[in-house]
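Please read the points below with the model open.

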Amino acid sequence: MRKIKLTVAATLAGAFAQGAVTLFDFETLTEIKAAPKGADGSRSFAVESAYATSGSNALHWTCTPWRKGLNEWPSFTLTAPVSDWSKYDRMVVDLVNLSEGGDPFSTFIAEKEGRIQNGLHATTRLPSHGYLQWIVPLSNWPKTANPKKVARVHFFTDKAQNFNVYLDRVTLLAKGERPPAPSGIGVGRDLLPLMSARVAAAECECAEVRDGRVHLESYWRFREACARAGQDTSKMLVGTASTMVKVRPRAAFEAAPAQAVAIRLARHEKEGVQVIVAPGDADLLAVTVTSSDLVAKDGSRFAASNVKCAVTGYVNITNPPPYRVGHMAPTNSPAGYCRKLRTPELGWWPDPILDHMGSADVRDRDAQSFWVRVTCPEGQRAGLYEGTLTVSATNTPPVSVPFRVRVNAFAVPQKSPLPLAITFWPEVNVSQDAAWAEETAELRKKADFPVNAWKPNRLAWGDFLADYYITMDSLYGNDRQQWDVLARLKEQGRLGPFNLGYWSYFGNGPDAEERWRQATLPALKANYEKARSLGILDHAYLYGCDEIAKEYFPNIRKAVETLKREFPGVPIFTTAYDHEFGVGTELGCMDWFTPLTPRYDGAKAAAARKEGRQVWWYICCGPHSPYANMFIENAAIEGRVLMGAQTARMRPDGFLYYEISIWNMRRPLSGGPFTDWNPRSWTSYHGDGSWTCMGPGGMPLATQRLENFRDGLEDYAYALELERKLAASRHPAGDWAKRARDLLAVPQDVMVSMTDYTDDPVAVLRWRDAMADMIESAE
């Protein structure tokens, strides 16, 4: 056998939390003497310098394929150097199997006296030609075993057929301590494929253990890919990922080795990429990502100040939500895929973008995302600009990656290409939590309580939201209008629709109308006059009767007729459940209807438009997958596809969302990247009604979901620009026009239906770039 020397990582302690204990490592003379050795008819043992995951040695154990007459349970026993295991919750065993998989590998952990079978028992299955980090939970000790008196650790198999195993580094971990990483990976290629092949846990593994298992698989695959790309993987691993992908730091993830970064965007557009950084053999300290100026061949410059690199933050999801999420799987559908549903994993999920953090430490094989935003100034010259992105840390040499930005010869608009009605009114959600409701009553008295702390920064929040095409607005209440913000947006040319106030339907009884008028009209009239004085009345609407059922339609109609007399020219807007959109119903007097996305019907919407009405659509805590939504656990691409491709195909007149600032927090977010921001928003949902976070001092922080929302609207802006070019074409029957119509219909590799759409960022960008090419080549 070829001998392999594995080098101990320079800071192996970085993979251990303080308190971890190595029981057996087969490195010292004492351990080697105590290890089993020799052979009999069914088994053989030897300590060899091969396939070690720590140091130089591992215990090699082989078994003769079982047949009748041989020992059914080949085994060996080691004497535990630590007797009190009560403060540990896992035992970790590194195993490398050089044969076909499937044979059992088991243990009994027992006291000095009595039958070994009285001890704690666990079993796993060996992988085929792979590495396995077996994590044995120590939480279910039988009554016949005392965890404070452990003396024997017994390993055995059962009727083994393909058993050729190297065993190394048996370790005890306390709660919260992470399993140690295999070290010595710089040796060559013998062990690395096994590292990336398998990492498994005991049958009773917890969610944290499963996340660690699949994360380790991902880490070693990424490390091997970076090594093939020529990176010094003992120092730092640098990769890239689309902003349409959620890269979880301690679970399964995908990233490509960073060889070059390319972004294409129009003037006034924002587009991004993720840089993924993971440690090599040592933790990385104070990691930053920076951009140089980028230069075109003619000397034109794209300033580095247009490139912002922020640390991605993570929120910890600890309770299962009331929904499942989708992922794509092969099928016979026209697009070749369909959406399969699964329960979201618990643990750390990427969400806030931490603009207040200039750098981050990256430890223990974490995959840390850095969010790179590129903003193209409106007057930027079209062309290709080249420079570098540099990843730096204080304790390792920097890594530079070629960076290219291509600027299109057209611009996207300053305000949303699709009308929006979205509430920003920071609030907490106290449903299903009486204790939280009681506590928030006191917190509301404090200036740093997030629902208060944003107000001194009101103008900054207004500008921030407008950067994402959102006008500061509220669908509910009659006293939430931020008139100074609205006037500022009007001056900037970024003002979108806003609500003059909420209204409800008439009650019953002889004085119902008068009671309604007294409760509703004074505040609405005051807001109407204020909007007219500011010159922004043409942007106003009146929203009411939120999700009201059909039996109330007669009372709704009376309210609408009154509103139209009192506020002529202001559209009346509802999410009441009229799925005919006023055609032949009692609500034909309504101006704008808004169904949930699954209830949007293109033919019925067209009929309503012929009668002068608009039909928008909306999402909230529904719909669930396979429809697109924007919960934290949903694929990031869903928000972009909803606002881009699905909007371009289905053509709603606008988009409504009930709230983007439910903040169940006692104070603003301050640290990171692993934050204390509460992911629970409405009831037990994660991120529903909450697309923003509050940073230090009340500063606005975006989420990855909000970024994809805006990127989708920019995709839709491309479609509208191409549509304008098509309408102006002098050759509507030519090849260019035919190709333009095909793109405006949205290719099937991007979207087949509202429930059958891609999760591949390449497909979305291919469609978007094809539209850009057609716009630039318009006749």
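1. Which residues are linked in a network of salt bridges? The network joins Glu-269, Glu-271, Asp-355, Arg-373, Arg-640, Glu-707, Arg-710, Asp-711, Asp-715, Arg-768 and Asp-769. A salt bridge here is a side-chain nitrogen of Lys or Arg within 4 Å of a carboxyl oxygen of Asp or Glu. By this rule the count is 50 salt bridges.

2. On sources: the model is predicted, so local features need pLDDT of at least 70 and side-chain atom pairs count only at pLDDT 80 or more, while totals for chains, interfaces and linings use all residues. Residues are numbered from 1 along each chain as its sequence is written, and side-chain values use heavy atoms, with hydrogens and water left out.

3. Asp-94 and Arg-169 form a salt bridge, with 3.5 Å between the closest N and O atoms. Asp-94 is in strand β6 (residues 90–97) and Arg-169 in strand β11 (residues 163–173), 75 residues apart. Strands (E, at least two residues) and helices (H or I, at least four) are DSSP runs, numbered from the N terminus. Both Asp-94 and Arg-169 are buried; buried means under 20% relative accessible area, exposed over 50%, and partly exposed in between (1.4 Å probe, protein chains only).

4. Asp-366 and Arg-178 also meet in a salt bridge, at 2.9 Å from N to O. Asp-366 lies in the loop between β23 (360–362) and β24 (368–375) and Arg-178 in the loop between β11 and α2 (192–197), so the pair ties together parts 188 residues apart in sequence. Asp-366 and Arg-178 are both buried.

5. Glu-776 pairs with Arg-406 in a salt bridge of 3.5 Å, N to O. The pair links helix α14 (residues 761–776) to strand β26 (residues 396–411), 370 residues apart. Glu-776 is partly exposed, at 33% relative accessible area, and Arg-406 is partly exposed at 35%.
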